Amino acid sequence: MSASSASSIPDDAWEQFQRESEGPARLRAPKEPSARARIVAERLRRADEEAARQGLGRRRRAEPDAWRAWASRDRVHKPRSRTWGLVWVVVAVGVALVVMNPGRALSWLS
């Protein structure tokens, strides 16, 4: 008896089974870090060990380079003045009055 005659499952069904069963297993498999990530992790680990040997405790991480930083970090945010807040409150009250009684609120126009 040969190996091909001993199998009762057709080849196409077997291939479909392999594809379907491999998909979820591939999704659950742990991701291997890239070589660059491993090098950086090793460098950070060595720097932490060196800082611990020198008694500095956990070293402080440096800020990212400018090309990696968020644009909002570069700008200085000015505090908003209270005048604009008051203007928006007056506008909101005016809109509310027009919505509640448009005839009376707009009677001064004619």
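From the N terminus on, the elements of the protein run α-α-α-α-α-α.

1. **Basis.** This is a predicted model; local features need pLDDT of at least 70, side-chain atom pairs count only at pLDDT 80 or more, and totals for chains, interfaces and linings use all residues. Residues are numbered from 1 along each chain as its sequence is written, and side-chain values use heavy atoms, with hydrogens and water left out.

2. **Confidence.** The mean pLDDT (the predictor's confidence in each residue, from 0 to 100) is 76. Of the residues, 70% reach 70 or more. Helix α1 (residues 3–6) has the lowest mean among the elements, 53. Helix α5 has the highest, 89. Where pLDDT is low, the predicted coordinates should not be read in detail.

3. **Fold content.** The secondary structure comes to 6 helices and 0 strands. Helices (H or I, at least four residues) and strands (E, at least two) are DSSP runs, numbered from the N terminus.

4. **Surface.** Of the 110 residues, 2% count as buried. Buried means under 20% relative accessible area, exposed over 50%, and partly exposed in between (1.4 Å probe, protein chains only). The accessible surface comes to about 11,000 Å². Carbon and sulfur atoms hold 60% of that surface. Areas come from the Shrake-Rupley method with a 1.4 Å probe; for residues, only the protein chains shown count as cover.

5. **Helix α3.** This helix covers residues 35–53, which is 19 residues. At 1.5 Å a residue, it should span 27 Å. The end C-alpha atoms are 27 Å apart, so the two values agree. The expected span is 1.5 Å times one less than the number of residues. After α3 comes Gly55, with a positive phi near 80°.

6. **Salt bridges.** The structure holds 5 of them. The criterion is a side-chain nitrogen of Lys or Arg within 4 Å of a carboxyl oxygen of Asp or Glu. Side chains of opposite charge can pair when their charged atoms come close. One of the bridges joins Arg38 and Glu32 at 3.4 Å, N to O. Arg38 is partly exposed at 42% relative accessible area. Glu32 is exposed at 64%.

7. **Pairs within α3.** Glu42 and Arg46 meet in a salt bridge at 3.0 Å, N to O. Both lie in α3, 4 residues apart, about one turn of the helix. Glu42 is partly exposed at 28%, and Arg46 is exposed at 53%. Arg53 and Glu50 also form a salt bridge, at 2.9 Å, N to O. These two are 3 residues apart in α3, so about one helical turn separates Arg53 from Glu50. Arg53 is exposed at 62%, while Glu50 is partly exposed at 34%. An α-helix has 3.6 residues a turn, so residues three or four places apart point the same way.

8. **Nonpolar patch.** Trp84, Val87, Trp88, Val91, Val95 and Val99 form a nonpolar patch on the surface. Patches are made of residues with over 30% relative accessible area and no salt bridge; like charges are joined within 9 Å, nonpolar side chains (Val, Leu, Ile, Met, Phe, Trp, Tyr) within 5 Å. Trp88 sits in helix α5 (residues 82–100). Its relative accessible area is 57%, so Trp88 counts as exposed.
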